[in-house]
Amino acid sequence: MEAAIAQQQSNHGDEVALVRAFNRFYTARLGVLEQRLMDSPFSLTEARILYELAHRDSPTAKEIGTELRLDPGYLSRIIQGFADDGLLKRSPSPADRRQHLLTLTAKGRAAYAKLERSSQNEVTAMLSGLPPGERTRLTAAMSTIQGLLGAGSAPPPILRSPRPGDIGWVVQSHGAFYAAEYGFDASFEALVAEIAGQFLASQDPGRERCWIAEYDGAQAGSLFLVRDSDDVAKLRLLLVTPQARGHQLGRKLIEEAIGFARHCGYRKVTLWTQSILTAARRIYQDAGFQRVAAEPHRSFGQDLIGETWELSL
């Protein structure tokens, strides 16, 4: 019995050593041991707080502190620093006057977008050194680690580039969703297939991109940004599946696309939508888009009002 216990303790010791070695390797690989994250003015903790502010709907400091398990005093100092730098604004919470709702300002959103692009580029560079099969193994292993250590909770939604089969999923999902929700006929699916096929055939990777939202290991949404002219980009095929609603995926997709458009040097982003798509229209409006035209038309077997929206960058 004592020998078995000793062997078990030895095994645990080996496992602990392996986990600690992995932690040292991975933190060094991502550069999080530096005082500032990816040559930004923010520490790792500050960057995580910015992420929460960008992806939550006017949270309180208490909510962020609970999520990140931060000391309230330490968090308060960081929040105050963000406010002093003009990165966020505070307003009293209607539910609890002792708490304040925190919202990023335009300057704060720009700072987060720059940090997000740097992070995206950093990880893209890391993954680009691996063949496709190895990248799949790596991300699957990461999902496994997150699932095992997350007490069975689903991992947070992610935005990624399309993989083989994803574009077909975009076409099928649009066709099925809009037929079920709005009665669109097969001509709509044909239009989606045409847009997606054109993207696959002639994408300019430097100025055009498709994002696939993934939640709990499955496709959950999509968005394309394509070139309309040298100065104008066009958003197309925004979709969030009903199963993934409630995670701000639509807003995250739009924010990612706007950041990419700015990075590419576009001066304007435009899109065409329908007046009946109230949830999507609200997302566009919150992101700063303005409706510039509306026109009745008969398409997809329905009488619709098409709308053109624009955002100046």
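## Overview of the chain

Helices (H or I, at least four residues) and strands (E, at least two) are DSSP runs, numbered from the N terminus. On this basis the protein chain has 10 helices and 9 strands. The structure is a predicted model, in which local features need pLDDT of at least 70 and side-chain atom pairs count only at pLDDT 80 or more, while totals for chains, interfaces and linings use all residues. Residues are numbered from 1 along each chain as its sequence is written, and side-chain values use heavy atoms, with hydrogens and water left out.

## Burial, surface and contacts

Of the 313 residues in the protein chain, 33% are buried. Buried means under 20% relative accessible area, exposed means over 50%, and partly exposed lies in between (1.4 Å probe, protein chains only). The chain exposes about 18,500 Å², of which carbon and sulfur atoms supply 51%. Accessible areas come from the Shrake-Rupley method with a 1.4 Å probe; for residues, only the protein chains shown count as cover.

A contact means heavy atoms within 4.5 Å. Among contacts between residues at least 6 apart in sequence, 57% join residues at least 24 apart.

## The nonpolar patch

Phe 22, Phe 25, Ile 145, Leu 148 and Leu 149 make a nonpolar surface patch of about 580 Å². Patches are made of residues with over 30% relative accessible area and no salt bridge; like charges are joined within 9 Å, and nonpolar side chains (Val, Leu, Ile, Met, Phe, Trp, Tyr) within 5 Å.

Helix H1 (2-30) and helix H6 (132-149) each supply at least two residues of the patch, and H6 gives the most, with 3 residues. Ile 145 lies in helix H6; this residue counts as partly exposed because its relative accessibility is 41%.

## Salt bridges

A salt bridge is a side-chain nitrogen of Lys or Arg within 4 Å of a carboxyl oxygen of Asp or Glu. By this rule there are 12 salt bridges. One of them joins Glu 214 and Arg 160, with the closest N and O atoms 2.7 Å apart. This pair links distant parts of the chain: Glu 214 is in strand S4 (residues 209-215) and Arg 160 in strand S3 (residues 158-160), 54 residues apart. Both Glu 214 and Arg 160 are buried. Arg 160, Arg 163, Asp 166 and Glu 214 are linked in a network of salt bridges.

Asp 303 forms a salt bridge with Arg 298, the closest N and O atoms being 3.2 Å apart. Asp 303 is exposed, at 63% relative accessible area, and Arg 298 is exposed, at 56%.
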